[in-house]
Amino acid sequence: MSFIGRWRPLALDALRAVVVAVLPAVFVIAAPGAGAADVALVLTGCLALTLRERAPLVTLLVSTACMLAVVVHVQPGPSAVFPVLVAVFLAVQAGHRAAPALAAAAFLGADLAVNLPGSGGALEDLENTSLLLGWFVAAFGAAAVARARQAYLEEAERRAAEAERTREEAALRRAGEERLRIARELHDSLTHSISIIKVQAGVAVHVARRRGEEVPPALLAVQEASGDAMRELRATLEVLRAPGGAAGGADGASGLDRLDDLVERARSTGLPATVTISGARRDLPAEVDRAAYRIVQEALTNVSRHAGGAAAEVRIDYTGDGLVVRVDDDGKADPDAPPVPGTGLLGMRERVAALGGRLRAEPRPGGGFSVCAELPLGGAA
């Protein structure tokens, strides 16, 4: 809290005390027989109102005692009750009942006792006391209304906070249920099919070797790819089933440590691919590591599918504050007829954007296609 924020409530309380003190001080000064001690009592009773936040009962006691002494000594008139009315209001607003009632009764009794022997007459004294009584009743009523309103506002805020918390919990619960549903669908729709592919490829490799035949490289690539797919699918399912979708379940996901295997598998399908790594290699944030691997994987897949017979060049550049991943091919992509972006390119853009990086995926001026992703290490969430 700032200096102004700390002192503002005290300044407002002091201003209230000054405003309340004006009329009583004027009437006390004008009253016959009043002295400096009476003015000091009025000021003390009014300044006590500044304690209302920390000690409302102390405020009530000091204000009532000071103004009672002034009333008994100089009888300044109804204005002497103003500080007591404010103190009663503050005490009732703070939740007290008995002490404000006793203070009001004491002040009314003292005022009536002082004025009865006077020359004004019993009827006029009774009217003055009735006026003071009405003011005290109004103070009690206003304080009760203010306290009820404050309680209503606090209850409304509490209910709003509870409703917000409930909505957040419901949203988290629905998100958790949706993740589990997706995990079940992935398991039921993919795991069985990939397992069959892996088993069949393994059987074919085993039969070929048993017969002494050369195993086709494509068949070995299918066997290896299906094994990697099963491993990554299990890692993905662990992420989806983890509470809150924690990323800690993705420890089995692929990163640049598997880049050589990825490129070698691409070569086994007939895609000439080279890898160049520059800069000082270092540990990367898990999000950046996975994104870099997926970008290379998607780019090589696109080269195999859309640029048959082309060669690919993979470049990984470790810069001072980031990582640059570039995959170029020498296919027949034409800058004048750029391909329509598919889900693969959209997925790459989403990965890079989530890390605060930049992605360029476009045909090269000399022919072929280029994918270049700049991944800042500091942008990983």
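## A patch, a ring pair and a helix residue

V18 sits in helix α1 (residues 3–30), where helices are DSSP runs of H or I with at least four residues, numbered from the N terminus. This is a predicted model, in which local features need pLDDT of at least 70, side-chain atom pairs count only at pLDDT 80 or more, and totals for chains, interfaces and linings use all residues. Residues are numbered from 1 along each chain as its sequence is written, and side-chain values use heavy atoms, leaving out hydrogens and water.

Together with V22, L23 and V26, V18 makes a nonpolar surface patch of about 330 Å². Areas come from the Shrake-Rupley method with a 1.4 Å probe.

Now to the rings. The structure holds two aromatic pairs (ring centres within 6.5 Å). In one of them, F82 and W135 have ring centres 5.7 Å apart and planes at 45°, so the pair is tilted, meaning neither under 30 degrees (stacked) nor over 60 (edge-to-face). F82 belongs to helix α4 (residues 82–93) and W135 to helix α6 (residues 122–210), so the pair ties together parts 53 residues apart in sequence.

T236 is placed in helix α7 (residues 217–241). Its C-alpha atom is 9.3 Å from that of L186, 50 residues away along the chain.

Definitions and conventions
Patches are made of residues with over 30% relative accessible area and no salt bridge: like charges are joined within 9 Å, nonpolar side chains (Val, Leu, Ile, Met, Phe, Trp, Tyr) within 5 Å. A salt bridge is a side-chain nitrogen of Lys or Arg within 4 Å of a carboxyl oxygen of Asp or Glu. Helices (H or I, at least four residues) and strands (E, at least two) are DSSP runs, numbered from the N terminus. Rings of Phe, Tyr and Trp (its six-membered ring) pair if their centres lie within 6.5 Å; planes under 30 degrees apart count as stacked, over 60 as edge-to-face and the rest as tilted.
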